[in-house]
Amino acid sequence: MSGMAETAGRFDVVIAGGGITGFTLGLALKRALRGSLSVALCDPALGRPDRATGRAYAIAAGARRMYETLGVWDRVADAAEPIREMIVTDSRTDDPVRPIFLSFAGEAEEAPFAHMVEQDRLARVLRETALAEGVVPFAAPVRSWSAGSDLASVRLADGVRLDASLLAACDGAKSRLRDLAGIPLIGWSYDQSGIVATIAHERPHEGRAEEHFLPSGPFAILPLAGHRSSIVWTERSDRVEMLLSLHDDEILEEIEKRFGLHLGRISLVGRPTAHPLSLGVARRFVGDRFALVGDAAHVIHPIAGQGLNYGLRDVAALAEAVADAAGLGLDPGNAETLAAYERARRADTVAMGLVTDGLNRLFSNDLLPVRLLRDLGLGLVDRMPTLKKRFIREAAGDGALPRLMRGHAL
Ligand SMILES: Cc1cc2nc3c(=O)[nH]c(=O)nc-3n(C[C@H](O)[C@H](O)[C@H](O)COP(=O)(O)OP(=O)(O)OC[C@H]3O[C@@H](n4cnc5c(N)ncnc54)[C@H](O)[C@@H]3O)c2cc1C
């Protein structure tokens, strides 16, 4: 990438990690306080050409409002697919029909509760906009860092040193920075992986998302722009290697058993990829001049499609706390600011982590009494419009949200 700074510098905030959370944080900080905060972002991936990931996310209404406020939604909206309806079924893999136990209209407060957005487009738009706004990029990973009383000193693998009032770790689930800070991750791994693939189909999906609860775990079909859907197929880990080694037509046959024939003939767009699933929440979200953000702070089961959305709530809360401190002339990495961020985010995340864990245990299970009870529960929920509205509001990311997610600039 051209324009890469070679020398050490002093910044208000250094961000480690340029995934979706890292660049959203960089952009949110540069858009605050008329661009007066200085922000650097380092990631070894910045030195490599982009590669297609085939990943897509359900971006909840709160996160969409933040992207509107930050001025990037317009650049992804044409490829974002609104979820207009959602259905839930509970059956065995070989069952010929999957009766619908629960259905939701996809609106919360007269807007879709979520849009499906492809990772590659969103990541590119965020990176281009953040760099144009003045986020300074470094194409190297953090190798080590230390916190003094008034600054964090960050050493990159290429020897460059960056000083900052605050170091924000957005370096993903296997966060090296979290390890270097000595912050343990509390949780467990599921004996499951999420197989992700893009499927092209003959008939239109009409914005319908489907979640089929199968004995090995949920199988989600999520609408993408055009006649395409993204699938997130939860499988027992010991079967994943075998499944991924199958030829395209064989794996398509396996997918078809779960996907069904209601959208006509299906084909694969690219090879599926697998992602081991786990639950983990960092014991602390902050340290001296240090904050964990996104998957570095928490990893949850994708059953509710909330992992990235919770990372984006971290971004909105941290950007708000930092901008409020700096706006008052305070040090943006001071301990009170970081404590406010942790208060705003940790309990919320633990609660969602436990909800997704409970849902996964309840549904990745083929015991007859458990199936009967949960189907009775789903059927009851389906007859309670007020409760269904609450679920949709929750999935839309409404409630006590940071300012950016309510559509207010910092
Ligand atoms: C199967 C599956 C389906 C999912 N579906 C959804 C969904 O529908 N909706 C949703 O909200 N969430 C979903 N999620 C969760 C979502 O994928 C993650 O929450 C999100 O990708 C995390 O983004 P991130 O920016 O925090 O981390 P990452 O995307 O992991 O980015 C980390 C970045 O840090 C960089 N890095 C690593 N080490 C260093 C270092 N030492 N120094 C500097 N940089 C470093 C890496 O190069 C990388 O660019 C799903 C997850 C799975 C597994």
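A residue is taken as near a molecule or strand if its C-beta atom, placed from the backbone, lies within 6 Å of it. This is a predicted model, in which local features need pLDDT of at least 70 and side-chain atom pairs count only at pLDDT 80 or more, while totals for chains, interfaces and linings use all residues. Residues are numbered from 1 along each chain as its sequence is written.

I begin with the ligand. Of the 32 residues around the ligand, G19, G172, G194, G294 and G307 come nearest. By class, the shell holds 14 nonpolar, 14 polar and 4 charged residues; Ala, Val, Leu, Ile, Met, Phe, Trp, Tyr, Cys and Pro count as nonpolar, Asp, Glu, Lys and Arg as charged, and the others, Gly among them, as polar. Helices (H or I, at least four residues) and strands (E, at least two) are DSSP runs, numbered from the N terminus. At least two shell residues come from each of α1 (20-31), β3 (56-60), β14 (185-201) and α7. Which element gives the most to the shell? That is α7, with 4 residues.

Helix α7 (residues 307-327) also packs on α8 (residues 335-363), at an angle of about 165° and with the axes 9 Å apart. Axes are lines fitted to C-alpha atoms, for helices over the stretch in contact, and angles run from 0 to 180 degrees between N-to-C directions. The pair α7 and α8 is therefore roughly antiparallel, the term for angles over 145 degrees.

Next, the sheet to which β3 belongs. It is an open sheet of 3 strands in the order β3-β9-β4, with antiparallel pairing; two strands pair if DSSP finds at least two bridges between them. β3 and β4 (81-82) are the edge strands, each pairing on one side only. Between β4 and β9 (residues 114-118) there are 2 bridges, and P82 stands opposite H115 in β9. Two helices lie across β3 and β9: α2 (residues 61-69) runs at about 85° to β3, and α3 (residues 119-132) at about 80° to β9.

Finally, α3 meets α1. Their axes come within 9 Å and cross at roughly 35°. Contact here requires C-beta atoms, placed from the backbone, within 7 Å. Among the residues that meet are I20, F23 and L27 in α1, and L122, L126 and R127 in α3. This contact of α1 with α3 has 7 nonpolar, 3 polar and 2 charged residues.

Notes. Angles under 35 degrees count as roughly parallel, over 145 as roughly antiparallel, 65 to 115 as roughly perpendicular and the rest as oblique.
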